[in-house]
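Please take some time with the sequence and the structure shown here, and then follow the walk through them below.

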Amino acid sequence: HIYTVFQSAIYEYIKTNGFITSKQVLGITRIRTSQGVNIALGRLMKAGLIQKKRTGKQYIYELKNGYTN
């Protein structure tokens, strides 16, 4: 499934950089809609790999509780 490729890219980006924003997901993948971004991030959250965190007015997504694999 195409989202699997995107999820891998998102996960690797977070591992390297510490977090990702929805806007950054649009930049590193070929996802072109906010709905697509939400689906990809939602699947990673549902799998327990990442968590959503509010920072000021925006949300960032980071590895869940030090998850590093």
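**From one threonine to the whole fold**

The side chain of Thr29 comes to 2.7 Å from the backbone oxygen of Val25, a polar contact, meaning a pair of N or O atoms within 3.5 Å in which, within protein, one atom must be able to donate a hydrogen and the other to accept it, while residues adjacent in sequence count only if both atoms are side-chain atoms. This is a predicted model, in which local features need pLDDT of at least 70 and side-chain atom pairs count only at pLDDT 80 or more, whereas totals for chains, interfaces and linings use all residues. Residues are numbered from 1 along each chain as its sequence is written, and side-chain values use heavy atoms, with hydrogens and water left out.

Thr29 lies in the loop between α2 (22-28) and α3 (34-46), and it counts as buried because its relative accessibility is 7%, where buried means under 20% relative accessible area, exposed over 50%, and partly exposed in between, with a 1.4 Å probe and protein chains only. Apart from neighbours within four places in sequence, Thr29 is in contact with Phe6, Ala9 and Ile10, contact meaning heavy atoms within 4.5 Å.

The protein chain as a whole has three helices and two strands, arranged along the sequence in the pattern α-α-α-β-β; helices (H or I, at least four residues) and strands (E, at least two) are DSSP runs, numbered from the N terminus. Of its 69 residues, 32% count as buried, and 43% of the contacts between residues at least 6 apart in sequence join residues at least 24 apart.

Which residues have the most contacts inside the largest nonpolar core? They are Ile10, Ile14, Ile20, Val25, Leu41 and Ile50, in a core of 15 residues, a nonpolar core being a set of buried Ala, Val, Leu, Ile, Met, Phe, Trp, Tyr and Cys residues joined through side-chain atoms within 4.5 Å. At least two residues of this core come from each of α1 (2-17), α3 and β2 (58-63). Ile20, leaving aside its neighbours within four places in sequence, is in contact with several residues, including Ile10, Tyr13, Ile14, Val25, Leu41 and Ile60.

Strand β1 (residues 50-55) and β2 pair in the antiparallel sense over six bridges, and two strands are said to pair if DSSP finds at least two bridges between them. The hairpin of β1 and β2 has two residues between the strands, and Gly56 there takes a positive phi near 65°.

On the helical side, Gln7 is found in helix α1 and Ile39 in helix α3. These residues are 32 apart in sequence, and their C-alpha atoms are separated by 9.7 Å. Gln7 counts as buried because its relative accessibility is 16%, whereas Ile39 is partly exposed, since its relative accessible area is 31%. Not counting residues up to four places away in sequence, Gln7 touches Ala40, Arg43 and Leu44.

Finally, a word on confidence: the protein chain averages a pLDDT of 92, with 90% of the residues scoring at least 70, pLDDT being the predictor's confidence in each residue, from 0 to 100. Among the elements, α1 has the lowest mean pLDDT (91) and β1 the highest (97). Where pLDDT is low, the predicted coordinates should not be read in detail.
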